[in-house]
Amino acid sequence: MPDWSLEGELRKAARADNVESALRILNLLPINEQLATLSSGSDWVRGGAETYIFRFDVRTRSGLTIPAIIKAHTPAIGPRSIDESLSELLRRRQLLANGGIRTPSLYYAGNGIVIERYLPFSFVERFAEVPTQSADRFRLSTELVAIAIVLDEHGFAPIEIIGDLRVDESGDVFMIDFGEDLGPPNNRPNRLQNEQSVSSWLKQHDIQWSYEAIRNEAVELLRRRRNA
Ligand SMILES: Nc1ncnc2c1ncn2[C@@H]1O[C@H](COP(=O)(O)OP(=O)(O)O)[C@@H](O)[C@H]1O
Ligand SMILES: [Mg+2]
């Protein structure tokens, strides 16, 4: 993309003629904040099998940083256009968000790209870093089981979910990939496929609590989120 620029992409997405208003329209710049800098560390890099990603940060004059990521959707050649395939991802994302799974704040989706909140930590790394018997470990386990429960409810049969889960500064867990690895929902129940796979993952990772205890808390967490 020789003529590509971050500023240009943001202006195009927001249909704005300058970057600051584009950021405001996209909700990347809060109402009472002014833009100080827009910075990007590296160029586009391959994300996974279906995306190229571009990281950037919005910094405000008051010192706030909003970390963001652009994902250009590049699905394998198939029967669907990029637009159709992107709408399908957004449908899955909405379905799971309604079920109580956290998904990153979405700033823009269209033209084959998604702009969303960048989540700094990988779930697997965070999980390994927190002490074995800590409340943080319990919380991460609970969030993982909650995600599995929701996926099972909709009959999703992902190839692997844990590797693409991300965690924010406050310890909340997010799902970020709604593409081919996740696959479509299915009306036929897949019983407890996802729960079984996360419970065996937890067993292999030195868990101090019974699966029942974690699951009860996960159900409670989902109940609270769905009533919120
Ligand atoms: N919101 C995000 N925050 C942090 N990293 C992300 C985010 N979205 C994607 N990534 C990174 O980019 C990679 C590829 O994105 P993903 O949505 O999984 O696409 P793919 O379908 O290509 O696997 C992820 O594995 C992750 O490392
Ligand atoms: Mg992925």
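## Sheets, cores and ligand shell of a predicted model

Strands β7, β8 and β9 form an open, antiparallel sheet of three strands, arranged in the order β7-β8-β9. Because β7 (121-122) and β9 each have a single partner strand, they stand at the edges, and one side of each is left without a neighbour in the sheet. The pairing of β7 with β8 is antiparallel and comprises two bridges; in β8, Val167 is the bridge partner of Phe121. The model described here is predicted.

Further antiparallel pairing involves β6 (113-117), which is joined both to β4 and to β5.

| Strand pair | Sense | Bridges | Residues standing opposite |
|---|---|---|---|
| β4 and β6 | antiparallel | five | Lys71 and Val114 |
| β5 and β6 | antiparallel | four | Gly110 and Ile113 |

Strand β5 covers residues 106-110. In the hairpin that β5 makes with β6, two residues lie between the strands, and Asn111 takes a positive phi near 50°.

The largest nonpolar core has 30 residues, of which Val145, Ile147 and Val150 touch the most other members. At least two residues of this core come from each of α3 (82-99), α4 (123-129), α5 (135-153), β8 (165-167), β9 (173-175) and α7 (211-227). The greatest contribution is that of α5, with nine residues. Since domain 1 (6-117) and domain 2 (121-227) both give residues to the core, it lies between them. In soluble globular proteins, nonpolar side chains tend to be buried together.

A second, separate core comprises 17 residues, among them Ala22, Leu23, Tyr108 and Ile115.

Ligand 1 is surrounded by 18 residues, and the closest are Gly47, Gly48, Glu50, Thr51 and Asp177. Three strands, β3 (51-60), β4 (65-73) and β6, each supply at least two residues of this shell. By class, the shell has seven nonpolar, four polar and seven charged residues. Both domains take part in the shell around ligand 1: domain 1 (6-117) and domain 2 (121-227) each provide at least three residues.

How values were computed:
Residues are numbered from 1 along each chain as its sequence is written. Chains are lettered from A and ligands numbered from 1 in the order in which they are written. This is a predicted model: local features need pLDDT of at least 70, side-chain atom pairs count only at pLDDT 80 or more; totals for chains, interfaces and linings use all residues. A nonpolar core is a set of buried Ala, Val, Leu, Ile, Met, Phe, Trp, Tyr and Cys residues joined through C-beta atoms within 7 Å. A residue is buried if 20 or more other C-beta atoms lie within 10 Å of its own, exposed if 12 or fewer, and partly exposed in between; C-beta atoms are placed from the backbone. Domain bounds come from an automatic or database domain assignment. A residue is near a molecule or strand if its C-beta atom, placed from the backbone, lies within 6 Å of it. Ala, Val, Leu, Ile, Met, Phe, Trp, Tyr, Cys and Pro count as nonpolar, Asp, Glu, Lys and Arg as charged, and the others, Gly among them, as polar. Two strands pair if DSSP finds at least two bridges between them.
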